Protein chains: 6
Amino acid sequence: MIRMNEMTWMEFKAKIDEGAITILPIGACEQHGPHLPLCVDTVLANGFAERLAQRVGGMVAPAINYGYKSKPLSGGGPLFPGTVDLNGDTLVRLTYDVLEELIKDGVKKIMVLSCHFENEAFVCEAVDLIAQKYGEQAKILIANWWDPMPAEIIDKVFDEVPFPGWAFEHAAVTETSLMMAFAPELVHEERMVDTQGATPCPYHIYPVPKDAVPPTGVLAPARSSSAARGQLIIDSVLDELVKICDKEF
Amino acid sequence: MIRMNEMTWMEFKAKIDEGAITILPIGACEQHGPHLPLCVDTVLANGFAERLAQRVGGMVAPAINYGYKSKPLSGGGPLFPGTVDLNGDTLVRLTYDVLEELIKDGVKKIMVLSCHFENEAFVCEAVDLIAQKYGEQAKILIANWWDPMPAEIIDKVFDEVPFPGWAFEHAAVTETSLMMAFAPELVHEERMVDTQGATPCPYHIYPVPKDAVPPTGVLAPARSSSAARGQLIIDSVLDELVKICDKEF
Amino acid sequence: MIRMNEMTWMEFKAKIDEGAITILPIGACEQHGPHLPLCVDTVLANGFAERLAQRVGGMVAPAINYGYKSKPLSGGGPLFPGTVDLNGDTLVRLTYDVLEELIKDGVKKIMVLSCHFENEAFVCEAVDLIAQKYGEQAKILIANWWDPMPAEIIDKVFDEVPFPGWAFEHAAVTETSLMMAFAPELVHEERMVDTQGATPCPYHIYPVPKDAVPPTGVLAPARSSSAARGQLIIDSVLDELVKICDKEF
Amino acid sequence: MIRMNEMTWMEFKAKIDEGAITILPIGACEQHGPHLPLCVDTVLANGFAERLAQRVGGMVAPAINYGYKSKPLSGGGPLFPGTVDLNGDTLVRLTYDVLEELIKDGVKKIMVLSCHFENEAFVCEAVDLIAQKYGEQAKILIANWWDPMPAEIIDKVFDEVPFPGWAFEHAAVTETSLMMAFAPELVHEERMVDTQGATPCPYHIYPVPKDAVPPTGVLAPARSSSAARGQLIIDSVLDELVKICDKEF
Amino acid sequence: MIRMNEMTWMEFKAKIDEGAITILPIGACEQHGPHLPLCVDTVLANGFAERLAQRVGGMVAPAINYGYKSKPLSGGGPLFPGTVDLNGDTLVRLTYDVLEELIKDGVKKIMVLSCHFENEAFVCEAVDLIAQKYGEQAKILIANWWDPMPAEIIDKVFDEVPFPGWAFEHAAVTETSLMMAFAPELVHEERMVDTQGATPCPYHIYPVPKDAVPPTGVLAPARSSSAARGQLIIDSVLDELVKICDKEF
Amino acid sequence: MIRMNEMTWMEFKAKIDEGAITILPIGACEQHGPHLPLCVDTVLANGFAERLAQRVGGMVAPAINYGYKSKPLSGGGPLFPGTVDLNGDTLVRLTYDVLEELIKDGVKKIMVLSCHFENEAFVCEAVDLIAQKYGEQAKILIANWWDPMPAEIIDKVFDEVPFPGWAFEHAAVTETSLMMAFAPELVHEERMVDTQGATPCPYHIYPVPKDAVPPTGVLAPARSSSAARGQLIIDSVLDELVKICDKEF
C-alpha cells in the first residue's frame, strides 16, 4: 500500500511510525500539443512517485494537480486554452500548508516530486519557509525526473533526433515517450506534428506575444518517441531517485 | 470524454466552444475512521462530478485534493494523523486561481462540487471574489451531494438507524454507503466500529480538546451502510444536480 | 463594571489578575428588513455579552461592528444598501489581532460571541491560527445565541408560527423578539411585513441573482414576535452560556 | 436620525439618495492613564461624528473600535494592559472594506474621522487604495479633531498650563476636557495624577524600553482640564469641520 | 571600510564580530521641484549614514531606493511624474526582510535612517513586527535627520526666511542646502523658483486634487539655501546621531 | 543624462515624452567569495543598464539593491553572512510597485535587467501580474547578461579554464572579469582562491546542509579572470541588448 489516499488514518500512522518517506507529487494542467493530454505533468509526477515509493517503502501523498504559470518557451504559456495556472503565491501557500500538516503528523522524510518545470522556484520558496519554521524536524528534498537523468541516457533517448535542451522538451520526445510508457491510452500518436519547433529567445516579453510559440503548442518535435524510450528513462531515473533517497534519508 | 485531464487542449477548446458545463471537484485528505480511506471526500467529489458530466454533456476539471481544516464535530479535526488541511486563505486563493483561469479560457458555466463540509465558506469566498471581478462573464454554482438530497431519500437510507444530522454523518452511513457504491475496493467493512458516536457541542473550543471526538474518528455508527443505499443516494442526488444544471445554465 | 471600554487600564488589569472571562462580541452591519435596524447583530452580541459578563464576573471587549459577507439565504446578501461586509481575510485578521493582544495582556479565558451567522467559519479560522501560536496559553470558546438554545424553547417561541430553520430566522421571529427585549426603541413593529418568505435553495449561485431574496429583505415572517418571547430566549440562552462557562473555564 | 446603525436599510438608502455625507468614526482601545477609560478615542470619534452629522445632515457609520498600534510617545505604547492594537495591514484592510461597501451602496461623500493619532498613515493608505480603484466615484476626506483646531483655541485651552505639543496630549488636558464634556461619567477626576510627564525622544527604539513612558501612562499632566474647555474645543472644531464639509462636498 | 556593499562576506563578518552598528538608509524616488533631482532622499540617507558610520565605527547596508507614497502636502504627491512610490505593505515587507536577514547574520545594533517623511509609519510597523519576533536579540533605532536637529540650528538655518514647518520643508531650504553640501553637482541653483509655497490643509482629500500643490512641486521657497547651511545641519545632526548611538548601543 | 535618480521630475517627464526606454536594474546583496564584494550583482546590473541606456537613449531607474534568496548551488545560499535576501513575495511586490508607478507615469518601454540568477522567477511573476493589469499599455522585457551572450564569446572567455555552466559561474571567471572591467577597485585579486569548486547536485535539500558549498563561497575557480575578458563580455552583451531593444521597442 503506497497511496496515502487509499490508507485509513491508522494505516498512515503506522507508515509514519516506520519512518516511511512521503512523496508529494506536483503536476500541472497545461497544454501539451495535439497528441498529449492536459494532465501530462501530473501523470508523470504520480507515475514516478508511485514507483519510487514501491522501491523505497515510502508512500505517495495526494497530488497537487495545478502548477505555476506555464511560460511560452518552456510550456507554451497562458495563451492556450486548458492551461490552468496558479499564481506564484498560491502555489507557495498550497505547498507550504501540505508540508506543514505532514510534518505536524510526524513525517520526517519528504520528497517533493515536481514534474512541471515552472513550479521549481515557488516550490523551493515554500520549502525554504517551512525549513525556517521547522528546522531539522523534517528533511525535505525537491526533485524532478530530468535533472537526475544520466547523460548517457539522454544520448540513448535522442539517438534519432537531436536533444533540443530541457526547456523545449515540452510535449516532445521525453514527455511523449514517458506518457507512452506510463499511460499509453492517453497518447494520440497519430496526431503528432512534425512541424518546426519553437525558436529560443534569451529574454522574456510581456504581455506574451501571440506568436511566441508554434500554434500547436509543441516546442520541439516528438518524432522518435516510443514506450521503450520512456521505459528507459523511467528505469534510469528511478535508479537515481532511489540512490538519492538512500543517501539523504 | 469528460475528464479535462485526459483532453488535449484542442479537445478542451472544442468543449468550451460547445458551451459545456465545467465541474470543479473539491475534496479533502481527512481521516474517515478505521474502515474508510483518507480520500473519501475526493472520491465522492470525482464520482459525482463524472456522472453529472456524463448526464449534462459537461466536463470535469482536475480535482483539488486538499481541503479546509477538518473540525472536530464534522470531521474529527486536526488531531488525527492523515488529516492534511489547508489554511482558509490558501483554499480561497487556490479556488480563485483555478476559476479565474477557466473563465479566461472562455468557460461560462461552472459548478464547484465540494464534498468536504468545511470547505463551504472558503469556496464561497473565492467565488464571491471572482464574481466581483468577472460579473456576468461566468455563472458559478456551488453544490454538494447532501443539500440537494430529497427528504424521502434520507428516510430510505436511514431505515435501520436514526439520522444523526449532517455534521455527524462523517465516516457514517451515507459516506460509507457512497464509498461502497463508488469504490468498494477502498472500504474495509470488517473494520467498521459500532461504538458510541460523538456528542454534539453547541460551541467551539480551542485548542481542540483531545477527547472531543471518539478515538476511532467515527462520529456516528456506519452500521447499515450498503452499496445499494449508496446507489440510491447517487441516483437521487444526480437527478437533483441535473435539474439544477437544467434550471441555471 | 463589565465593559472593558469603560475601564481604565488599571481596572482592566485588576480584572485579568482575577482571572475574569473576556467576552468579544462580533456583530454585523446588515439589512434586517423594514422593521429592524442595520445593527441588530451587534445589539444582540453586546446584549448577550453584557448579561453573560454580569452572570460570570467577566468583562466585555469593544465590539467588532462589521462582519463577514451576508449571504442571500441567511441574511439577504450584498444587494441591499446598508449591508456593509468585510472580506473573509479581513475578518480573520481583525479577530486574530484583537485576540492576540488580549492574550498578550494576560487574558486566559475568552469567549467570542458572534451573532451574525456568516461570521462563523472566519472567526473559527482566526481562533485556530491563534491557538496554533499560543497553544494552551489561553482557552477560547466561540459561541452564538442560537446553537445553545434548548429545543423546548424553540417550541415555546414558535407556538404561533412554524420554525423556518435557523438560516431563515433573519429579521424574523427570534431576532425581532430579541430586539423587542433588548432595544425596543429600535423596532418598528408597524412596518413588519407578512409577505411570503424566502424559498430555500440547496446550492449557491454567483453572481447573486437579484431575485434571490424577497424585496423587503425579510426571509421569514416576523409575525408573533414579542418582547416576552425575546426575554424567554435571553433567559434560556444565558443559562446555557453560564453553564458553558462554568464547565469550560 | 443620524446613526446608520439605527436605520433600517430603507432609511439608509433614502439618506444616500439625498446625497448625505457619511462619517466613519475610527477610535482605539488604548490606555489613557488612571483617570480615563480605554475607549477615549472611540468616544471622541463618535462624539464629534454625531454632532457633525447633525450639523451637515449626514449620518454616522458604525465605529471601528480598534486602532493601530499605540506608540510610546504618543499613546503609551504596547506595554500597558488594555491597549489592544491592530497590525497596520489589518487596519488598512478593515478601513478599505468598509469604504468599498459604502461606495458600492452609492455613498459619494465620506469623511473618515479618526481620533487616534497612530491610525493616520494606515487610514490614508486604505483610502489611497480605494481612490485608485474607485477614482472620482466618491470623494473621501480624512480628518481628526486636533489639526483643524484654530490656534487661538489652543491658547484659550492652555491658559493655565503650557501646551506640550500634540503627541504628548495623550490623556492630558485636551482629551480629559473633551471626555468631561462628552462623557463625564467616564472621567475619574480624583485619580488625575500630576506627576512628571514623558520626555520627548527624537527617534524610535525597538523593542520598546520598559521605562519609555511614565508608569501611569500619562504623557502630560491633565491638570486644568474642565468640561468648559472641552466644550470650547468641541464648538470650535465642529465649526471647522462644518466649513470643511461645506467647501469640499 | 564602511559600505557593506563593498565588503566581502568575510569583511562583513569581521565587522559583525566587532559588534559594529549597521545603518540601513531608506530614501525615495520623489519629485523635488525643478532644481533638485528625484534621488534627494536617498542621497541624504546615504550621506548621513556614511558619515555616521565613520564616526561610530559602523557600516552602511545597501540603501532602499524607493519609499512610501509621497503625500501632497509633504512631498507633492502622486501627480508628479518621477515620484515612484511603494505601497505600504511592500515597504513593510521589504524593510522586515532586510532587517531579519541582518539579525540572522548576527547583527545586534541597527539604526534605520529614513530620510523620506512618509516612510516613518511603515518602517515602524516593520520594526515592530521584527521586534515581536526577535525580541532582545537586536536593538533597532529608527531615526531621521530632522527630528534630532537642535532648535538653535533651525534658527541659524532660517535666518533669512521663516521656517515653514517640517512638512513643507520639501525641496526647500533644508533639503536644498543639504544637497548643496552632499552632492552640489546635482543641484540646479539657477532653476530655483521663488513662487508662492503650498497652503496648509488640516485634512486629507482623496482622490488627490490636481491643484493641491504648486505646479512646480516646491512646497516652500528654497531661497537662502547654501552649502554652508547644509554643512551646519550635517554637523549638528551628526553630533546628535553619535550621541544617540553612544547612549543606546 | 541617463540616471533617473539624477533627473528632476521635469527632465524625467521630458524623457518619457520622447518615448525613452526605462531600464530597471535589480541586483542582490550576496556573498561572492573572498575576492569580490557583496554588491557584485548590483554593480553589474547598474553597469550594463547605464551603458545600454547610453546606447539606446534610454534611462536607468534607481536600482533594487536586494534580491531573492541565494541558493547553495547558484550563489552559496543563506549560510554565508552578508547574503541578505528577500522573500519571494517581497520581491514580487517590490518589482510590481515600481513597474506600476513607472507605467502610471507614462513609461511604455521597460527593460528589467536582473543580474542575480535567483531573481528570475519572481521578477517574471511581478511582470506577469503587471501585464495582466495593464495589458498593452506597456511592453516589458526581462533580461540578464548571461542568456544573450553569444556562444563564441563563452569560448573566448573560457580559453584557459573549462566553462562550469552558468549556475556555478558565481564569483568565478565571468563575474570576476566583469567586476575587473566595471569596478576594479572592488576586486581583491590577491585573495582569489583556486580550490575545488562546488559539486553539482540534481536536487534541492532543505534545511540547507552546512557543507553544500565550499567554505569560501566560490562555486568555481576565478582563475584566468581579467578585465579584458570582462570587457569582451560587456561589449558583446551590450550589442545583443541593443539588438533586442531595436527589435522589440
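Student: So what does the accessible surface of chain A come to?

Tutor: About 8,100 Å², and carbon and sulfur atoms hold 52% of that. Bear in mind that this is a predicted model.

Student: And how many of its residues count as buried?

Tutor: In chain A, 69% of the 249 residues do.

Student: How about charges, how many positive and negative side chains in chain A?

Tutor: There are 20 positive and 35 negative ones in chain A. The centres of those two sets sit 4 Å apart.

Student: OK, switching to the fold. How many helices and strands in chain A?

Tutor: Chain A has 8 helices and 7 strands.

Student: What radius of gyration would a compact globule of 249 residues have?

Tutor: Near 18 Å, and chain A agrees, because its own value is 18 Å. Along the principal axes, its C-alpha trace spans about 55 × 40 × 30 Å.

Student: What about contacts, what share joins residues at least 24 apart?

Tutor: 79%, counting the contacts in chain A between residues at least 6 apart in sequence.

Student: Now the interface. How much do chain D and chain C bury between them?

Tutor: About 4,000 Å², with 60% of it on carbon and sulfur atoms.

Student: Which residues in chain D lose the most area to chain C?

Tutor: Trp9(D), Tyr66(D) and Pro81(D), which together make up 17% of what the chain D side buries.

Student: And how many residues does the contact take from each chain?

Tutor: 49 residues from chain D and 49 residues from chain C.

Note on methods: Residues numbered from 1 in each chain as written. Chains lettered and ligands numbered in written order. Predicted model: local features only at pLDDT ≥ 70, side-chain atom pairs only at ≥ 80, totals over all residues. Heavy atoms only, no water. Helix = DSSP H or I, 4+ residues; strand = E, 2+ residues; numbered from the N terminus. Rg over C-alpha atoms; globule rule 2.2 N^0.38 Å. Buried < 20%, exposed > 50% of the residue type's maximum accessible area, 1.4 Å probe, protein only. Contact = heavy atoms within 4.5 Å. Areas by Shrake-Rupley, 256 points an atom, 1.4 Å probe, with all protein chains shown as cover. Lys, Arg positive; Asp, Glu negative; His and termini not counted. Charge placed at Lys NZ, Arg CZ, Asp CG, Glu CD. Buried area = accessible area lost by both parts, 1.4 Å probe.
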